[in-house]
Amino acid sequence: MKEKKMRLDKYLSSFTQLSRKEAKKAIRSGRVFVEGEPVGKEDARVGLHQKIVWEGNEVEAEENLYYMLNKPAGVLSAVTDKKERTVRELILDTNRDIFPVGRLDKDTEGLLFLTDDGMLAHRLLSPAYHVEKIYYVEYEGCLLPDAAPLFLEGLDIGERKITGPARLELSQEGKALLTISEGKYHQVKRMFARVGGRVTYLKRISMAGVALDEKLMPGKYRQLTAEEINRLKKAAQRERSDRRR
Ligand code: URA
C-alpha cells in the first residue's frame with residue numbers, strides 16, 4: 001500500500017505545539033530535517049513514517065486523530081442523527097471516522113474530545129480508569145449546608161451503587177465547580193437535585209487533566225497537542241498499574 005503523505009508544515013503543526021505559521025517559519029529557517037537533510041520548503045511532502053527532526057528532537061506522527069471541541073448547547077453528542085445537528089458535523093477538516101468520547105447532554109456545553117482511537121476512548125470512559133472531569137455549574141435553589149461532604153461521601157441518585165467521591169467547590173451564590181470520576185446519565189444534574197439544586201447551566205471545563213482551550217468559542221475545535229495526547233494516554237494507563245498493586 002502506498003504510504004500516506006502530507007505537507008511538512010501540516011505535519012509539524014499536527015504533531016508539535018507549533019501553529020501552522022510557526023511551523024512554516026521553522027521550516028524556512030532550516031531548523032527542520034527530513035531523514036537527516038534540512039528541508040526548507042513548507043510544502044515538501046513527507047510520509048508518516050519518515051524521520052522528521054525539529055530543533056534536535058524527533059517529531060513522531062500520531063496515526064490517530066484527536067480533537068477538542070467546545071461543544072455548543074443544542075447539538076447532540078453523536079456522529080449522525082436523522083433530525084438534529086451532531087458534534088461530528090461541526091468538525092469540518094477531516095473525513096476520517098472520528099466519534100465523540102462520551103456524551104454531554106444536548107444543553108451542556110464545553111470540552112468534548114473526538115477521535116478515531118477506539119481503545120483510548122474506551123478507557124477514558126471506563127469507570128475502572130477513574131478519569132476526572134471538571135464541570136462549571138450554575139444552579140438555582142438552596143443546597144443542603146453539608147452538600148460538599150455529602151458529594152465526597154457519595155450520593156444515592158437511584159443507581160445500584162452510590163456515586164464515587166466528588167469534589168464540590170462552591171464559589172459565588174449559585175455557581176460551583178464539580179469534579180467527578182464517573183459518567184452516569186445526567187450525573188451532575190442528578191447529584192445537584194439530590195442536595196436541593198437545579199442545574200441551569202453546565203459546562204465541562206476539563207477531562208483527564210486536559211483543559212478546554214479558552215480561545216475556542218462554542219462550536220470551535222482544534223487538534224490536541226502532542227502533550228495533551230500524552231496526558232490522555234497516561235490517564236488511560238492508570239487502571240492497569242492500580243490493578244497490579
Ligand atoms: N452530567 C450531566 O448531568 N450532564 C452532562 O452533560 C454531563 C454530566
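Start at the hairpin of strands S11 and S12: 4 residues lie between the two strands, and Gly174 there takes a positive phi near 80°. This is a predicted model, in which local features need pLDDT of at least 70 and side-chain atom pairs count only at pLDDT 80 or more, while totals for chains, interfaces and linings use all residues. Residues are numbered from 1 along each chain as its sequence is written, and side-chain values use heavy atoms, with hydrogens and water left out.

**Stop 1: the hairpin strands**

Select residues 167-170 for strand S11 and residues 175-180 for strand S12; they pair in the antiparallel sense over 4 bridges. Strands pair if DSSP finds at least two bridges between them. Helices (H or I, at least four residues) and strands (E, at least two) are DSSP runs, numbered from the N terminus. Now pick Glu169, whose bridge partner in S12 is Leu177.

**Stop 2: the ring cluster**

Select Tyr139, Phe151 and Phe192, which ring pairs link into a cluster. Rings of Phe, Tyr and Trp (its six-membered ring) pair if their centres lie within 6.5 Å; planes under 30 degrees apart count as stacked, over 60 as edge-to-face and the rest as tilted. The structure holds 4 aromatic pairs. One of them is Tyr139 with Phe192, a tilted pair with 5.4 Å centre to centre and 45° between the planes. This pair links distant parts of the chain, with Tyr139 in strand S10 (residues 133-140) and Phe192 in helix H5 (residues 187-194), 53 residues apart.

Keep Phe192 selected and turn to Phe151: the ring centres are 5.6 Å apart and the planes stand at 85°, so this pair is edge-to-face. Phe151 sits in helix H4 (residues 147-153), 41 residues apart from Phe192 in helix H5. Are Tyr139 and Phe192 buried or exposed? Both Tyr139 and Phe192 are buried, where buried means under 20% relative accessible area, exposed over 50%, and partly exposed in between (1.4 Å probe, protein chains only). Phe192 has a relative accessible area of 0%, and Phe151 counts as buried at 0%.

**Stop 3**

Move along helix H5 to Arg194, which is partly exposed at 46% relative accessibility. Between Arg194 and Phe151 there are 9.8 Å in space, C-alpha to C-alpha, and 43 residues in sequence. Apart from neighbours within four places in sequence, Arg194 is in contact (heavy atoms within 4.5 Å) with Leu144, Leu155, Asp156 and Ile157.

Next, select Arg190 and Glu159, whose side chains meet in a salt bridge at 2.9 Å, N to O. A salt bridge is a side-chain nitrogen of Lys or Arg within 4 Å of a carboxyl oxygen of Asp or Glu. Glu159 is in the loop between H4 and S11, and Arg190 is in helix H5, 31 residues apart. Arg190 is partly exposed at 23%, as is Glu159 at 31%.

**Stop 4: further salt bridges**

By this rule the count comes to 16 salt bridges. Among them is Asp9 with Arg20, the closest N and O atoms being 3.3 Å apart. Asp9 lies in helix H1 (residues 8-15) and Arg20 in helix H2 (residues 20-28), so the pair ties together parts that are 11 residues apart in sequence. Asp9 is buried at 0% relative accessibility, whereas Arg20 is partly exposed at 34%.

Finish with Arg198 and Glu140, a salt bridge at 3.0 Å, N to O. Arg198 is in strand S13 (residues 198-207) and Glu140 in strand S10, 58 residues apart.
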